[in-house]
Amino acid sequence: MLLEADLPDDVDALRGLVLEHARALADITDAKSKADARIERLQAIIDAFMRHRFGRKSEQLDPDQFELALEDMEAALAEAEQARDKATSSRSDRPRKTNRGSLPAHLERIEQIIDVEEVDGARACPCCGGGLHQIGEDVAERLDVVPTTFRVLVTRRPRYGCRSCESAVVQAPAPSRIVEGGIPTEALIAQVLVAKYADHLPLYRQAQIYARQGIQLDRSTLADWVGKAAWYLRPLRDHILERLRRSERLFADETTAPVLQPGRGRTKTGQIWAYARDDRPWGGSDPPMVAYVYAADRKAERPEAHLEGFAGILQVDGYGGYAALARRNQQIRLAFCWAHVRRKFYELAENSPVAADILRRIAALYAIEAEIRGLTADDRRFLRNQRSRIIVDDLHQFLEARLRQVSAKSRLSEAIRYALTRWDGLIRFLDDGRLDLDNNAVERAIRPLALNRKNALFAGSDEGGDNWAVIATLIENCKLAGINPHTWLTATLTSLANGHPASRVGELMPWTDVP
């Protein structure tokens, strides 16, 4: 900053100084304009992506790929703003990205004090030299991280002998372990499981991360730990599946699980089936839960075996295996998914006014569902009959009329037939307030499997696919219960290693830890 005393007395020198500052200001203005243009362009791209996310084509966009693209663009925007601010010594007008509220109270606080320098043991006023006294303080908290730190737990078991008889040696028994004779604690095994099945880090990548801290663990060693843990945890998955079979309503879905074919150098397509229950939309008291089961194929008898003994309503998509199951088991009734019906017409709506009209009617049903979410089952059924039934009845007549008018070979005709052939199951929600309009609850449970599939590419064997289903079941139930899967897995593996009775695995369920 120029002070009056710094200005030259000579007019020509003063003129030169003014021109120099003018040129510098022009350079800054030009840099700021370019930076602002870049920022504006990046923000426009982000805004367009956000509109696309909730627009008509959103169902064609992989939500995980969307998040990856969005985070890269937001990082580029932050970099551009930082460059602009540093170049112009100005601050961005855009609101700072921040989490509202304080940082969690349970985190360790490491305090540092930044104070005014002392001169000769005292803090002096910069104006008059008088002594200073504290009148307050500013406190700022920042989130810090200590990278994963390994430690070695050393267990010493003293041996004692008797001087009198000299024949007895007394020693406390060694603690049981998941990996007998191995080096991992149950906490480390839990970390490997969470990283692989919750954070989608393949074992070879975990081995690379550990190597950065000088811990040389072969991928096959980590795989051995995973297999042993899966053996202990399988009864818990089976217990969850058995509890689901005793429910009156279930969601079901399936997704592919590529599996390596030993000796052939290529993969085959296995399946992971998901069965879920979620009574929260109508205030039910039973905890939400999900179970995954691996199968080597997609044959219709697979869900029949998984759901042996189940009697109730099964909410599903249009896969024919479920219809075959319901035909063979008269105690199972199907409720179909309106989201799948909607997708059929999304693909056509841009060029088809009929499809757009159908989407508008379905959207009206979803608007009603949003209003009644959380009400009791009886209230939901009453309001659906008051408001949704007339929409459904009109839509049925509309679909039948349009089916007679369009070509039987058109995609619109195919979408209409998809809805009409499943109509009884689609309208079942009107008479049962415990049902949802769609099976999105189980589709959300399927998404972590798809993420793991993208990162791991394929399972090494059918047994590996089964281990995947077992461990993913327990991690997903931790998420549904709102508890930390690493904490729960550590405690559960420790209990199992110490001989927790198989007849009491219900005591170990994740939802039992919810206050």
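Predicted model: local features only at pLDDT ≥ 70, side-chain atom pairs only at ≥ 80, totals over all residues.
Local features here need pLDDT of at least 70, side-chain atom pairs count only at pLDDT 80 or more, and totals for chains, interfaces and linings use all residues. Residues are numbered from 1 along each chain as its sequence is written, and side-chain values use heavy atoms, with hydrogens and water left out.

Rolling a probe the size of a water molecule over the atoms shows where empty space is left. On a 1 Å grid over the protein atoms alone, a cavity is a set of points where a 1.4 Å probe fits but cannot get out, whereas a pocket is an open set with protein on both sides within 12 Å along at least five of seven lines; lining residues have an atom within 4 Å of a point. Points are joined across faces, edges and corners, and a volume is the space filled by probe spheres set on them.

**The second largest pocket.** Its volume is about 1,300 Å³. Select Glu111, Gln112, Ile113, Val139 and Ala140, the closest to its centre of the 27 lining residues.

**The largest cavity.** Next, select Arg249, Leu250, Phe251, Arg277, Asp278, Asp279, Ile313, Gln315, Arg434, Leu435 and Asp436, which line the largest cavity. This cavity has a volume of about 90 Å³.

**The second largest cavity.** Finally, select Tyr197, Tyr292, Pro448, Leu449, Asn452, Trp468, Ala472, Ile475 and Glu476. They line the second largest cavity, which holds about 50 Å³ of space. In all, the structure holds three cavities of 30 Å³ or more.
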